[in-house]
Amino acid sequence: MKLCMIGTGYVGLVSGVCFSDLGNDVVCVDKDKNKIDQLKNGKIPIYEPGLSELVIKNYKNKRLTFSSDLKSSVKNSDIIFICVGTPTKKKGSSADLSQVFNVAKELSLSINKFKIIITKSTVPVTTGDEIEKILSKKNSKNKFSVVSNPEFLREGEAIRDFTFPDRIVIGTNDKKSNKILKNLYSPLISKGAQYINTSRRAAELIKYASNAFLATKITFINEVANLCEKTGINVEDISIGMGLDKRIGSRFLRAGPAYGGSCFPKDTKAIISTADKFNTNLSVIKSVVKSNENRSNILLNRVYKILNNKIKNKKITFLGVTFKANTDDMRDSSSLTMIPALSKKGAYIKYFDPTGYKKEFKKFKNVSYVNSIKKSLDNSDLVIIHTEWNDFKSINFKNINKGKKFIIYDMRNIYLPSKIKSQGFKYYSVGR
Ligand code: UGA
């Protein structure tokens, strides 16, 4: 099939590349010409394990192309995926849909034969209705069908999540589009993915409700971890004990820093805002947002306590600063709250991240990047393990710096407390 992905961010690029790998002809379109030129030269704008190899493979075999010409790309395609960003509005907390609607306006001028127009971007319920209205101004209704097909892939696991999804959600009442899309996804369905066809509005809401539920699950275990710390219980026992109940499930019950990234913080706020518009109070999600916004303060207070409130001139190491492992994404990372707060109190911060230097900390005089784990630990008073990269999972703390001791605060519970303590280190973790 001939597909056109509009927007080469996470969702558009990963899905486009993966669709081409499944044998489809895919053109990935972006208005950023520079980005398109880079992609043509095999330069991938995001860090995502396995993505670069797939881009190069499918670009070489010509199933994958890149273009900044939206009109001709759309004209030559049967299925169009809208994959542009829907960030939080500068004012308020609803999703900014300007990019989606601008694309819809451009599309309305390029429909030359029947097209399935799909929103893969995360868009609030009723956005599909709005897109349909825009397209109808210039085109008769039998020339297009607007479908919602949300994407559930995680950064860092994106290729695997695309290839082996738990479910594929297609929101449309149009039988013809449903049949075509079931065929498009048949290679994934035959590998075990569940295919569900719902109304368009339901598909839009499934995406937000899923992200909000996962955010709730994480926040729930983070709050239980706070109680565990006060009562001498290991939160991991709680996660295992709860997770074995099939109604609960074990995943996304890892306590840690505040959840971050480009999705949960934005989507939890956006679903609340949509509900407000429809006079519905999502009180559970509201308290999740509030609790998560306070999470970094809770962890910072623990840092202050660990250092006996003497932060000035302390040398603090951050291992990992992105919002989680296997990504270079800094969006809504809790390090963006914690590092400035510690720096303001006079600490000297060195950080190492497997994805390199981060411009976000440029303006802080006493925050510096070092290019190895070993250098980051040099003369450190406190080492904060902020993300769960494999690189951090087998550090020989005892030998790495000639036996010099420092305090370790493992915010991802990577290490066994007894093992680290037996090596003579003061060790703290989350909820245990
Ligand atoms: C999330 C969803 O997991 C995807 O299904 C969804 O498609 C995506 O948002 C999106 O809407 O595009 P992502 O933001 O890449 O994916 O990252 P996650 O792996 O979900 O992690 C989000 C945050 O939760 C991170 O800060 C992570 O460290 C934290 N987390 C996750 C925990 O603290 N504990 C856990 O058990 C799991």
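1. A salt bridge here is a side-chain nitrogen of Lys or Arg within 4 Å of a carboxyl oxygen of Asp or Glu. D129 and R201 meet that criterion, with their closest N and O atoms 2.7 Å apart. The model is a predicted one, and the points below should be read with that in mind.

2. Domain 1 puts 29 residues into the contact, and domain 2 puts in 27 residues.

3. The size of an interface is often given as the accessible area lost when the parts come together. Between domain 1 and domain 2 the buried area is about 2400 Å², and carbon and sulfur atoms give 52% of that area. On the domain 1 side, Y47, V125 and E155 supply 27% of the area buried against domain 2, more than any other three residues.

4. Side chains of opposite charge can pair when their charged atoms come close. Four salt bridges are counted between domain 1 and domain 2. Residue pairs in polar contact across the interface of domain 1 and domain 2 number 13, both residues being at pLDDT 80 or more.

5. Which elements each supply at least two residues of the side of domain 1 that touches domain 2? They are α6 (127-138) and β6 (144-148). The largest share, four residues, comes from α6. By residue class, the side of domain 1 that touches domain 2 holds 13 nonpolar, ten polar and six charged residues.

6. The ligand has 19 residues around it, and F152, L153, E155, K207 and N211 come nearest. A polar backbone atom of E155 lies 2.7 Å from an oxygen atom of the ligand. E155 is also one of the three residues named above for their share of the area that domain 1 buries against domain 2.

7. Two further ligand distances can be listed. A polar backbone atom of R254 is 2.9 Å from a nitrogen atom of the ligand. For K324, an N or O atom of the side chain is 2.8 Å from an oxygen atom of the ligand.

8. Over the whole structure the search finds 21 salt bridges. One of them joins K113 and D78, where the closest N and O atoms are 3.3 Å apart. K113 is in the loop between α5 (98-108) and β5 (115-119), and D78 is in the loop between α4 (70-75) and β4 (79-82), so this pair ties together parts that are 35 residues apart in sequence.

Notes
Residues are numbered from 1 along each chain as its sequence is written. This is a predicted model: local features need pLDDT of at least 70, side-chain atom pairs count only at pLDDT 80 or more; totals for chains, interfaces and linings use all residues. Side-chain values use heavy atoms; hydrogens and water are left out. Contact means heavy atoms within 4.5 Å. Buried area is the accessible area (1.4 Å probe) that two parts lose on being put together, summed over both. A polar contact is a pair of N or O atoms within 3.5 Å; within protein, one must be able to donate a hydrogen and the other to accept it, and residues adjacent in sequence count only if both atoms are side-chain atoms. Ala, Val, Leu, Ile, Met, Phe, Trp, Tyr, Cys and Pro count as nonpolar, Asp, Glu, Lys and Arg as charged, and the others, Gly among them, as polar. A residue is near a molecule or strand if one of its heavy atoms lies within 4 Å of it.
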